[in-house]
Amino acid sequence: YPRFDVYFEVIDSMKMYFPDESGVRLRPVKSVFRNIGGTLFIDKPNNKSGNIDYPEYPIFKSNRGGDILYDKPSIHGGQYVADRFKFTADPFTIDSLDNFTIDGLKFDGTFYSADIFPVFRHYVYIQPDYSLGFVKETPTGGLPMYKGKGKGDMTLNLSEVGFYGETGRIDYETSKTKFSRILMLPDSTVGPINTYDLKESTLYAEAHTQNADLNWLPYKDKYKITTKEWPMKTFAAAHDFRGTTTQSPRKLLGDGLLKWDLAEFESREMHLQPKKSVAQQANLRIYTQDTSKMAFASNNINGEMNFQSRVGSFRSNIPGQITKFPFNMYQTNLSDYIWKMDAKTISANVGSTMAGITPDFMSINERQDSLHFEGRKGLYSLEDYTLKVSEIPHIDFADSRLFLSDGKVTIRERANMD
C-alpha cells in the first residue's frame, strides 16, 4: 500500500480491453497473455486520493513477458498446440491503462511456429479480427519450412484466424508453387494455388497446372496437388492429367485420369516417370475418331505407357480377364498387349499367366448368339478399327465346325466377320 501498487508473482492469464470506435464501450482483445507476472502501479504513491491527474497511470510492468497462444478449438480445431506454437513476449510495460489506444499496443518477442519456420524475432499487434498477431515478409530468398522439407518466400500473416502465407511461393524439391493465400498448420499446408510447375528430371515427369489445391504433408513426404477446372499438363502439352498428384523426394505418383490423343489411362497410383507412366493396377480406354464410340477397353491391367518410344505394354492382372473391343462388339481373354501408338496397332497375345486357359474371342452381338472361338493372337488397327485374329484352329457354328485355310479372320464393326 505505501507504494500504491500490486505485485503478482504469477498471473495465469491476462486479458486486455480497449475503447471501440465510439470511445464509449470497451472491446476485448481476443488474445490472452499466459504465464505472466508483474506489478500494477495504480497511481503515484503520493496521489492515493487521485486529486491530481497523472494520465500515464495505471501502469502495468511485467517481470516476464508471457506467452500468446493460438490453441483454441475455434482456431482450426486446436492444431496450433501451445507448447510448440506460440509468441513469447519480452517483458513489457503498458501505461495509461485507463485510455490506451490500439495503435500503441505492440509487443516485441520471439515466435515459435512448431517448426513451420525457424524461430525468429518479431512483434505482435492488434489484427483486424482483434487478436494479437503480425504481418511480416520473409527475408529475400525465403525461409526453410518444416525443418528443411521445403522453402517458403511469402508474406506471413498470424492472427486467431490462423497462420497464413500470402502472395508467395513454395519450393518443394524441384517444383515451384505460387499462391495468393494458403493455410499453414504444424503438420500440413493446405489451400488453393495459382500455379504448380515441375520440370522433368531423372525422378519426375514434367507437370504444370493452375488454379488447383495444395495439401502438403511434409513429415509424410507427400506434396499433393489436386486439379480443379484446369488439367495438369504432363509429359507434353497434349497430355492432360486430372486428379491428384503426390510428389515425394523420390517420385511423382498420380491418382486420376491421364488423357492424350484418343486414349485414357486411369489408375489410383500411376508412377509418372520421365516420359512414361507406369501402373500396377490401371484401366485403359481408347476411343474412335468419333469419341462417342469406344474402340478398346481393358481394366485391371499393369504396365507402362512410354511416351518417348510411343509404345504401351501391359498385361491383365487376373488370368483369363476380359478385354473388350466395343466398336467391334467383341471381347477376348488374351492377357498380354503391345500398343504401338504411332503405328496405331494393338497386338494381343497369350501370356505366361494364361497357362491352362484356352485363349478365346467372343462376339457380344446378341444376334450372333454368343459366337466364340479359340485364337492365340490378335492385331487391332486403330485406323480402320478392324480386329484380325490368327492361329485359330477352328470355329464352331451351331452343329458345324469350320476349318480356316490360314487360321485367320477379320472382325469389323458390330462383329461383322470375313
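1. E9 (residues 132–137) and strand E11 (residues 150–159) pair in the antiparallel sense through 4 bridges, where pairing requires that DSSP find at least two bridges between the strands. Within this pair, Phe 134 has Leu 158 of E11 as its bridge partner. Strands here are DSSP runs (E, at least two residues), numbered from the N terminus.

2. This is a predicted model, in which local features need pLDDT of at least 70 and side-chain atom pairs count only at pLDDT 80 or more, while totals for chains, interfaces and linings use all residues. Residues are numbered from 1 along each chain as its sequence is written, and side-chain values use heavy atoms, with hydrogens and water left out.

3. E9 also pairs with strand E8 (residues 120–126), again in the antiparallel sense, over 2 bridges, and Tyr 125 is bridged to Gly 133 of E9. The hairpin of E8 and E9 has 5 residues between the strands, and Tyr 130 in that hairpin takes a positive phi near 65 degrees.

4. E20 is in turn joined by 9 bridges to strand E21 (residues 276–287), the two running antiparallel. This hairpin likewise has 2 residues between its strands, and Lys 275 in the turn has a positive phi of about 65 degrees.

5. Which residues are the bridge partners of Glu 264? Glu 264 of E20 is the partner of Lys 259, and in E21 its partner is Arg 285.
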